[in-house]
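Thanks for making time this morning.

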Amino acid sequence: MPALSPTMEEGKLAKWLVKEGDTVKSGDILAEIETDKATMEFEAVDEGKIGKLLVAEGTEGVRVNQPIATMVGDSEDKSSPAATQKSAEAPAAPKRDAQKAVEAKPAPKVPKVEVAAALSDPEIPEGTEMVTMTVREALRDAMAEEMRRDDTVFLMGEEVAQYQGAYKVSQGLLEEFGARRVIDTPITEHGFAGLGVGAAFAGLRPIVEFMTWNFAMQAIDQIINSAGKTRYMSGGQMSSPIVFRGPNGPAARVGAQHSQDYSSWYAHVPGIKVIAPYFASDAKGLLKAAIRDPNPVIFLENEICYGRSFPVPKLDDFVLPIGKARVVKTGKDVTLVAHSICVGLILEAAEKLATEGINAELIDLRTLRPLDTATVLQSVRKTNRIVTVEQGWPICSIGSEIASVVALEAFDYLDAPPTKVTGKDVPMPYAANLEKLALPHVEDVIAAAKAVCYRD
Amino acid sequence: MAEAKTAPDTGAKPAAAGDNSVSLKTLYHDMLLIRRFEEKAGQLYGMGLIGGFCHLYIGQEAVVVGMNAAQKPGDQVITAYRDHGHMLACGMDPKFVMAELTGRQTGYSKGKGGSMHMFSAEKEFYGGHGIVGAQVPLGTGLAFANQYRNNGRVSITYFGDGASNQGQVYEAFNMAELWKLPVVYVIENNQYAMGTSVERSSAETHFYKRGSSFNIPGEQVDGMDVDAVREAGLKAIGWCRSGKGPIILEMKTYRYRGHSMSDPAKYRTREEVTAVREKRDPIDHLGQKLIAEKLASEDDLKAIDRDIRQVVNAAAEFATESPEPAEAELYTDVMA
């Protein structure tokens, strides 16, 4: 009895279309078989003569792999098993240990590193000259430096070339690198995302800019199914060294379809990396790392942050490691964790909390996948309290993941429940007052921090 | 059986020549290899040795074999999930393809891809994609890379009549013509998108015209005639290689089996299938021609079949005897 569907375990031999002694050739229909899904015709694979019909027409509940007939094979082709004859001797598909539990990973070791001083980065050598620049300029410089370094790097997207970028991130790149490497695309996200992945399969290093990540939902199949899974599905043969970047999260007063935070969407997916910086130095160092990375990287920027200025190290080749959070400010009373624009919120909240005697430790996640849980846990084991802050919706959020990790791996250190400050669980409204209500603010962060410290 | 073990490692003769030099006898061999391989795959599926979805290429062999003969080494191939024929035509080893079908460590993807997801960087085969139509922008991206590198290669991007109704196909068409990318879009019109006939799914059933809004030329080809496919392929690939941009070839073909192994194919009559098999079968047709033109004898053709059966049996044996992937493979190849 042949298995004719992925779920079939037994079938009914509805009808024989051959009789004993018939000569059949490959492709001839032998029988009709009722599976769990449909009635199927079952064909001969080899030429030969029907020997004996072992199962009578109309028999129900014939197990898969049970012989239903014998065939007398062609004498010069004995090595080829007759479809029905040999099946009983065939090894059953090895049983899979699907239910065998995957061993839980041991708790990551907490490195005994000194907590970094405020606004310092262990990756930046001491005494490095800093220049002030906007996040926008830092991103542009990162792309320009990598394009100078490697001819396979190119930028494509809507309005990236002649228009100089919808948000002016690619300003000047067309002039320096020309139309071969800075490519205006039609408005065709699904198409150019897929085209970029194909170019990456062939060994180029595309930077695909989405005018905003909201539009990338049109392309998410190519990002996840084609870019994210191909390495695994090819047994490691084929990679997609591609960066998808653009502004993520709510802008201002643009309504529900243009105001969404995709952090947790992409952080959920194995096979890709996800970066969401706040500071200009991180934007630059991490975008350079993303372009060099052999994996697909989702680079989540923030429109409101593009114009903010920060010090950036003046180094010839400033590349930061992906997957490391940074302690932006040390403290002892509560850990505040954020990424992207919400790092600004926790910085502001910390200043106000300090005036009330609460010394907060601040962590900028910078990378969301792989998530640097070691840095978060190390901090929580010291402060015993944690508040996560993000603009995304509360369900299955980055904060949900961190709360889960903290509860699992630092439960005994907690003096209060891990607490999330998030966007509200609604599509973004347009009205100014409602939009304000839908987003997290400094006051929310302060209130949450005080709550976990049991202060009014 | 001992005979099987002495069979050659690979039955595939990658006949990519880019001209008319590949003999009709070789094309016959390559088509028959696919036919016998697929019959064996169907058999192994029936024995429970191949799981999940398994889409057989039986009936459509002339399309990939004819196109492959028209290609030059370095030209890339990408297709959807009915991909076994494309892999064999590229010269991928039937043993490793079959071992992937049975989900074994020795398969092209170490057993982690399966029937629909196989790749060979060495043979320029870029998959093996399970989402209908997704391979069209991807194949266009391969062509983009060719143009970027100015390497003279052409991307052969296959999709079916079903995929022809996906939006991303037209997004790709637009960019391909806009940027004059070297890509041949081969539409394998086997007349059924799963169970829906082209008449019931498509406002324009002449798929070679589907590029007309983008000024992409197209041609309809008898996809059951391997020589006609090769001729059309040579012209189309030449068009792309000379920098004229994309081109569409609509291959009129037919699949004898269901959409996948679990499809009872009740949407068409048995008579319809039988009529095509008897009157238009690409392998029988070429076999008769070889004999009529005295390019091969009946005995020659029988010998080819015998050799191929040995190769296919050896592949099946290899695929069923190879071990499953080690459990540690669960976590490998996720990231580079």
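By a salt bridge I mean a side-chain nitrogen of Lys or Arg within 4 Å of a carboxyl oxygen of Asp or Glu, and over all chains the structure holds 48 of them. Please keep in mind that this is a predicted model, in which local features need pLDDT of at least 70 and side-chain atom pairs count only at pLDDT 80 or more, while totals for chains, interfaces and linings use all residues. Residues are numbered from 1 along each chain as its sequence is written, chains are lettered from A and ligands numbered from 1 in the order in which they are written, and side-chain values use heavy atoms, with hydrogens and water left out.

Which residues does B:Lys110 meet? One partner is B:Glu329, at 4.0 Å from N to O. B:Glu329 sits in the segment after helix H12 (298-321) of chain B and B:Lys110 in the loop between helix H5 (94-101) and helix H6 (135-149), so this pair ties together parts that are 219 residues apart in sequence; helices here are DSSP runs of H or I with at least four residues, strands are runs of E with at least two, and both are numbered from the N terminus. Another partner is B:Asp333, at 3.0 Å from N to O, and since B:Asp333 also lies in the segment after H12, that pair ties together parts 223 residues apart.

As for burial, I call a residue buried under 20% relative accessible area, exposed over 50%, and partly exposed in between, with a 1.4 Å probe and protein chains only. On that scale B:Glu329 is buried at 14% and B:Asp333 is buried at 12%, whereas B:Lys110 counts as partly exposed at 23%.

In chain A, a network of salt bridges links A:Glu145, A:Glu146, A:Arg149, A:Lys284, A:Lys288, A:Arg292 and A:Asp317.

Chain B comes to 12 helices and 7 strands, and 63% of its 336 residues count as buried. Chain A has 12 helices and 21 strands, with 56% of its 456 residues buried.
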